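Please look over the sequence and the structure shown here. A short report on them follows.

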Number of protein chains: 2
Amino acid sequence: MKQIEGGILAAKGYTASGICCGIKKNRTKNDLTLIYSEKPASAAALYTQNLVKGAPLLVTKKHISDGIARAIIVNSGNANTCNADGIEVAERTCEILAHELSVAPEDVVVASTGVIGQPLDVTPIQSGMGSLVAKLSREGLDDAIEGIMTTDTVKKQAAVELEIAGSTVRIGGIAKGSGMIHPDMATMLVFITTDCNITPEMLSFALTEDVQRTFNMVSVDGDTSTNDMVVTLANGLAGNRLINSKGEDFELFAKALNSVTVSLCRQIASDGEGATKLLECVVTGGKTLAAAKTAAKSVICSSLFKAAMFGADANWGRVLCAIGYSGADVDVGRIDVSFRSAAGSVSVCRDGAGVDFSEELAKKVLSEKEIYVLVDLNDGPFGATAWGCDLTYDYVKINGDYRT
Amino acid sequence: MKQIEGGILAAKGYTASGICCGIKKNRTKNDLTLIYSEKPASAAALYTQNLVKGAPLLVTKKHISDGIARAIIVNSGNANTCNADGIEVAERTCEILAHELSVAPEDVVVASTGVIGQPLDVTPIQSGMGSLVAKLSREGLDDAIEGIMTTDTVKKQAAVELEIAGSTVRIGGIAKGSGMIHPDMATMLVFITTDCNITPEMLSFALTEDVQRTFNMVSVDGDTSTNDMVVTLANGLAGNRLINSKGEDFELFAKALNSVTVSLCRQIASDGEGATKLLECVVTGGKTLAAAKTAAKSVICSSLFKAAMFGADANWGRVLCAIGYSGADVDVGRIDVSFRSAAGSVSVCRDGAGVDFSEELAKKVLSEKEIYVLVDLNDGPFGATAWGCDLTYDYVKINGDYRT
């Protein structure tokens, strides 16, 4: 397996495009994205568990219920959530696109991201659709990524290539996500394409397994979005023998998928609203998997710990505090904590109590852009990793006037 | 019942003092506080549910197990948590004070607040104890409050006077709390004294009932402290007939206690780290009490909503979003939301969808210092109130360099 370029266009048989149709007020960035598979693809998706669900999510769920899709259309700038006519607008969007592409509306996946509770006018989407479809190409990656961004500051993509039983298979994805990120059984907006030949059932199985330890372990601000969605398409053009059960081929695919999703997780956390640092909390020694996951995620979610990381302050007491209130089954008297980065490593807590350490070294370690928080629960064989970012002035600034 | 001055010294038979003994590095503010009852008092307490517990909490729990206490000693500047010798230092503190006061060490309540994981040196406490005891007086309120403050910017106190069966009873309290506030079966540091004649059992019952709807409904930053504690002393000097069961007298006492605790809750939330606004979320129409409480608390805890309030942005979608992911049993399609303050009232959402409203009026309403977020779930008879504050640049600033 190797990392390659191309994101969602790395795999065979996909094209993409993005345009600025006028949903975003400033009209300087794309706000409408299309991803298209030249042949019908196995499709799988997971959605937010927030009871408040964006209308596009409900429409997508219906369209994808047969396990097949051809196209994904996404707008940014408006979440189409909590609107009386939301479903109607999402369905109309699919119909307009389906007509333009000569596919069935039921083969269209639709997603929206942006402000909640403002009616989404379908007019600019309708006006732009011809141009959006006309621009579909193998070079449309950048335009497509731009069209799904809101407060994101960098474009997020990843792709890998691997061999499965002699066939070259590619998997690639793009992601949007910067704030309101605290997935629960799903994630931000993530679109993954592959040319792997795999049944909808096995694709769904692979995605569901993977999301538990990737996107569900990312938190930027503890707020679970109403519009989270991760969608994968697999069009089979790699020509590998069909993956229709567990086994060696499936394992290879799942591992490669994980490589793409972990990369996207790290990119999303790095670009958390206002973030200056990526935090990766690696918990080992858990008595149960749940204990390891709960502990890792609680550390990543603690506002106090995140603010300390912004200030490069080795305030490990906040790590223990966050594990203590997490509900995880741990023995707090056995916990070891250390911080690691490109600048070195510093052990700060052993058996639940502080150890002498160099404040100077700790400051250097924590002044890097990527910080590993290593927690050993010393209580069993289970481990888990969670990703997050520091809490900064800019998070407050961005969210103090996002809507207006 | 009427509001009165005096905090913990409003009731008969209590004295207090506070000194700067040298635990806080800068030595400009008090860091050691003593509250003393001239006769043994019924005592009740609740503690944090964080698995990581400050050593003083464990010692207090033991000392208070017989339902009786005489004195409360509190230091700020160091939490005495996650220290190998923590219990020993807390016990030694009680012994030194007990010797000075000629009471039993088991009648001393001890509490600490400040940085976690730095050894607490008992030397300055020992050196200062004589002076602390010598300064005990009926005028010691301000000194005592100052001695329990960390990042607090204002002194928090409340007191009421009421008649119970012809006797005048007073209840008063002081509180410390600004960050790491997200109580779970207990609260920040709160000390309440009363001259009411009440058994330890009924005092404990009243406190436990009250905390569920007061301190447990406050959140500043979602981080449950390791040292939370609320302690009440009742020395009986009001001379009212003994309250040893439920009934009219108990109800009067409980109502007055609630008046003190609600006032302290509002003061704590107002003075949340970096806060510029008090947020009070009033949920009505819940199908269950749990649904109303969970919804109210989730709104108050949402970083996105809190940042929007800082920016006076009527982003009600974030209110719905927070209720949606809270786990509360609600029908999101029936929720009404409005904002109210001294500047007026504005309805922003009806039946889960937006309504037209004046952005100008909303901005005026949300620019006040006390904001009510009114949520009607339209789903039943239960209600709940939660208190919090906005998320500001200063929260990040305070917590980026708290320890160093």
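## A sheet and its helices in chain B

Val283(B) stands opposite Val375(B), a residue of strand E14(B). The model is predicted, so local features need pLDDT of at least 70 and side-chain atom pairs count only at pLDDT 80 or more, while totals for chains, interfaces and linings use all residues. Residues are numbered from 1 along each chain as its sequence is written, and chains are lettered from A and ligands numbered from 1 in the order in which they are written.

E10(B) and strand E14 (residues 370–376) of chain B run parallel and are joined by 7 bridges. Strands (E, at least two residues) and helices (H or I, at least four) are DSSP runs numbered from the N terminus, and two strands pair if DSSP finds at least two bridges between them. In chain B, an open sheet of 6 strands with mixed pairing has the order E13-E12-E11-E14-E10-E15. Strand E13 (353–354) and E15 of chain B are at the edges with a single partner strand each, so one side of each has no neighbour in the sheet.

H6(B) lies across E10 and E15 of chain B, at about 40° to E15(B). The angle is taken between N-to-C directions, from 0 to 180 degrees, with axes fitted to C-alpha atoms, for helices over the stretch in contact. Two residues are in contact if their C-beta atoms, placed from the backbone, lie within 7 Å. The buried residues of H6(B) pack against several elements of chain B, among them helix H5 (200–213) and strand E10 (278–286). A residue is buried if 20 or more other C-beta atoms lie within 10 Å of its own.

| Helix | Residues | Some of its buried residues |
|---|---|---|
| H6(B) | 248–270 | including Phe253(B), Leu257(B) and Leu264(B) |
| H8(B) | 303–310 | including Leu304(B), Lys306(B) and Phe310(B) |

In H8(B), 8 of the 8 residues are buried, so this helix is largely enclosed by the rest of the structure. Ala312(B), which follows H8(B), has a positive phi, near 50°.

Ala295(B) touches Val283(B) and Val375(B), among other residues, not counting those up to four places away in sequence.

Between the chains, the contact takes 51 residues from chain A and 51 residues from chain B. On the side of chain A that touches chain B, helix H8 (303–310) and helix H9 (317–324) of chain A are among the elements that each supply at least two residues.

Definitions and conventions. The expected span of a helix is 1.5 Å times one less than its number of residues. A residue is buried if 20 or more other C-beta atoms lie within 10 Å of its own, exposed if 12 or fewer, and partly exposed in between; C-beta atoms are placed from the backbone.
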